[in-house]
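Here is a friendly note to read with the model open beside you. Take the points in order, and find each residue in the viewer as you go.

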Amino acid sequence: MLDQAQRILKDVFGYDAFRGNQGAIIERVASGLDALVLMPTGGGKSLCYQVPALLRDGLAVVVSPLIALMDDQVATLEELGVAAVALNSSQTPDEQREIAERLRRGEIKLLYLAPERLVQPRMLAFLQRLQVGLFAIDEAHCVSQWGHDFRPEYLQLGQLAEFFPNVPRIALTATADKRTREEIVQRLHLESAERYLSSFDRPNIFYRIVPKEQPRKQLLGFLAERRGDAGILYCMSRKKVDDMAAFLTEQGFPALPYHAGLPAELRAHHQRRFLNEEGLIMVATIAFGMGIDKPNVRFVAHLDLPKSLEAYYQETGRAGRDGLPADAWMAYGLQDVIFLKQMLNNSEGDERHKRVEQHKLDAMLALCEETRCRRQALLAYFDEDMPNPCGHCDNCVDGVQTWDATEPARQALSAIYRSGQRYGVGHLVDILLGRDNEKVRNLGHQHLSVFGVGKDRAEGEWRSLFRQLVARGLVDVDLDGFGGLRLSEQCRPLLRGETTLELRHEVTSKAPKPASSAASQLVRSEEREQWEALRALRRKLAEEHGVPPYVIFPDATLLEMLRGQPSSLADMARVSGVGARKLERYGAAFLEVLQGGAQVPKSPADLRHELISLACAGMTPSQIATQLACTEKNVYAMLAEAIGRQQLSLDQALDLPDDLLSEIQDAFLDGEGELPGVAEVAERFGKRVPAGVLHCVRAALQAEFEV
């Protein structure tokens, strides 16, 4: 059985060997037995049911919670020559009937269904008339009523054991603690399933957490070496998502917003663009994530603190699914802590639930203030022991300085107590620094014994100290008031002199070390030209086939081509990720690029992407035309299209005097109803204004009306 599985792995998927538990899982499921698989994102979960599906007779039914995820998997399998379809609400009745016919004829090997469709009596009856060889339940943690991805329809999947008693079932998830694992087993009736638990470690991800000072500036510093990389930026609120997407685009980083407040069609459009285009940043709330199968997301950044380590692990885990270097970067500050504590305080639910959530938030804060290896601390939370520091997080690489903060902490606690336990950090720092301002004077706080005792420390040091006191539970936030600080029971031993306190020492005066980017570690400068040529060919083929670029070949496969320099189709067949079907379809084209014989023409998407970057960099349309070797007319047409799609603002595209711009806008807005065409308005300006400029202004006005 395993020999056959190895052959399928190589011939269809193009890989030489199974990783970790994959071989054992595949052998068990292909033999007709049940399995529960816990494997981190990027660990190769899908192969655990796709290979058994090809080994067993009959149809494999895959339960998946998201249409985008189904479509992605189906596109990937079709490229490999595997007959796979998704049956979902986005299809017309005629399309659904055609799929049903193909299933009856036995032409389909894998069928992807949403749980709510699968559990309909009509669908179950239909499947009972077919030969079903396997059920795979993906994202199985959705069955847990304790989890944040709970889907009620998953609870009904337990009946598969009753309707199909002899069909093996495999449940898979990337995030499940002990309680959730037990819930999966109980609710899906998988008591006889073998459990396969892989390590939670994602060794290719570099973790960095920084204190939030000037978040936008800090983020731009992080992104400076990551131009052209795909990434996800998580923010807490919808407004912040919109603001940051606009800000990044203005700064020359193409970014799209994604949150539940946007229309469903726009969200779907942005998700498609993120999957299909390269180098986009998705700025999102936690509404974005599950089902994102894009393997070459090179970074995940957080500008706000996640509510728990589970959320942090799941969100950062969307980076580097291809196993290549990736970054998890986060900036966090005291306001994040206060905001989350207030949210928790105001949330519905019993006291027990709130205590659990508070415990999770405390664990998240502990990771932020951790002085030891971050990865060791993160894995310990998931009951996994890592004997030695990882050497691949900020604490390991930079080292952490600690200092004896006992006396300053007592001064800070005294300032809180003596001022009445009702003021925020800003006012407390003013007291400690001895600032004689209006608020201090009005309250008479210049007479406190602690007034001015902290003059020998910088404001940043005091703010860092207050943040760490809150994170360690020595100080509470008054959630009923206005976020003022008050003493907690835990600070008493410190105040009485019974204990000392060591805190992180943050060097705020020096510039932070530049964080080398994951992408810069991928290819060396001398390889860059050929690497970009391979990516350009991949983009061109992806557009022709209507699939995301990584479906043609993931970055890891391109990198192996680049390093291995195959000189024949036989050599190419040995590259990991090049199966028989892809070798036949694409092998010769990629060989030609590697041998330097092919000049890959730029696809329309490439040209658009380059044009936007050049316009953001301040180039004029004539300079862009020279750079892209095309006519100025074409440049104006592409600029107008980019403005209409809101990928570019009018200010970024053209440098027009204010009075001329107003005159042109008035010309378009003079009439009533729809905007007039460019030809009508052009007569008023003669040769004074190029037609291309008019096209751009009209596109900007049109975009405003559509918002």
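**Notes on the model**

1. Let's begin with aromatic rings. Phe200, Tyr313, Tyr381 and Phe382 are joined into a cluster by ring pairs. Here, rings of Phe, Tyr and Trp (its six-membered ring) pair if their centres lie within 6.5 Å; planes under 30 degrees apart count as stacked, over 60 as edge-to-face and the rest as tilted.

2. A word on what you are looking at: this is a predicted model, in which local features need pLDDT of at least 70 and side-chain atom pairs count only at pLDDT 80 or more, while totals for chains, interfaces and linings use all residues. Residues are numbered from 1 along each chain as its sequence is written, and side-chain values use heavy atoms, with hydrogens and water left out.

3. How many aromatic pairs does a search of the whole structure find? The search finds twelve. One of them is formed by phenylalanine 274 and phenylalanine 288, an edge-to-face pair with 5.7 Å from centre to centre and 80 degrees between the planes. This pair links distant parts of the chain, 14 residues apart: phenylalanine 274 is in helix 12 (residues 264-276), and phenylalanine 288 is in the loop between strand 11 (281-284) and strand 12 (297-302). Helices (H or I, at least four residues) and strands (E, at least two) are DSSP runs, numbered from the N terminus. Phenylalanine 274 and phenylalanine 288 are both buried. Buried means under 20% relative accessible area, exposed over 50%, and partly exposed in between (1.4 Å probe, protein chains only).

4. Now compare a pair from the cluster. Why is the pair of tyrosine 313 and phenylalanine 382 called tilted? The planes of the two rings are at 55 degrees, with the centres 5.2 Å apart, so the pair counts as tilted. Tyrosine 313 sits in helix 13 (residues 309-316) and phenylalanine 382 in the loop between helix 16 (374-381) and helix 17 (394-398), so this pair links parts of the chain 69 residues apart. Both tyrosine 313 and phenylalanine 382 are buried.

5. With 61% relative accessibility, aspartate 383 counts as exposed. Histidine 189 is another non-glycine residue with a positive phi, of about 55 degrees. You will find histidine 189 in the loop between helix 9 (178-187) and strand 7 (194-197), and at 41% relative accessibility it counts as partly exposed.

6. On to charges. The structure contains 49 salt bridges, a salt bridge being a side-chain nitrogen of Lys or Arg within 4 Å of a carboxyl oxygen of Asp or Glu. Arginine 97 makes one with aspartate 94, where the closest N and O atoms are 2.4 Å apart. Both residues belong to helix 5 (residues 93-104), three residues apart, about one turn of the helix. Arginine 97 and aspartate 94 are both exposed.

7. A network of salt bridges links Glu278, Arg298, Asp322, Arg528, Glu532, Arg535, Arg538, Arg539 and Asp555.

8. Finally, look at lysine 582 in helix 28 (residues 580-594). Is lysine 582 buried or exposed? Its relative accessibility is 5%, so lysine 582 counts as buried. Lysine 582 and phenylalanine 299 are 283 residues apart in sequence and 28 Å apart in space, C-alpha to C-alpha.
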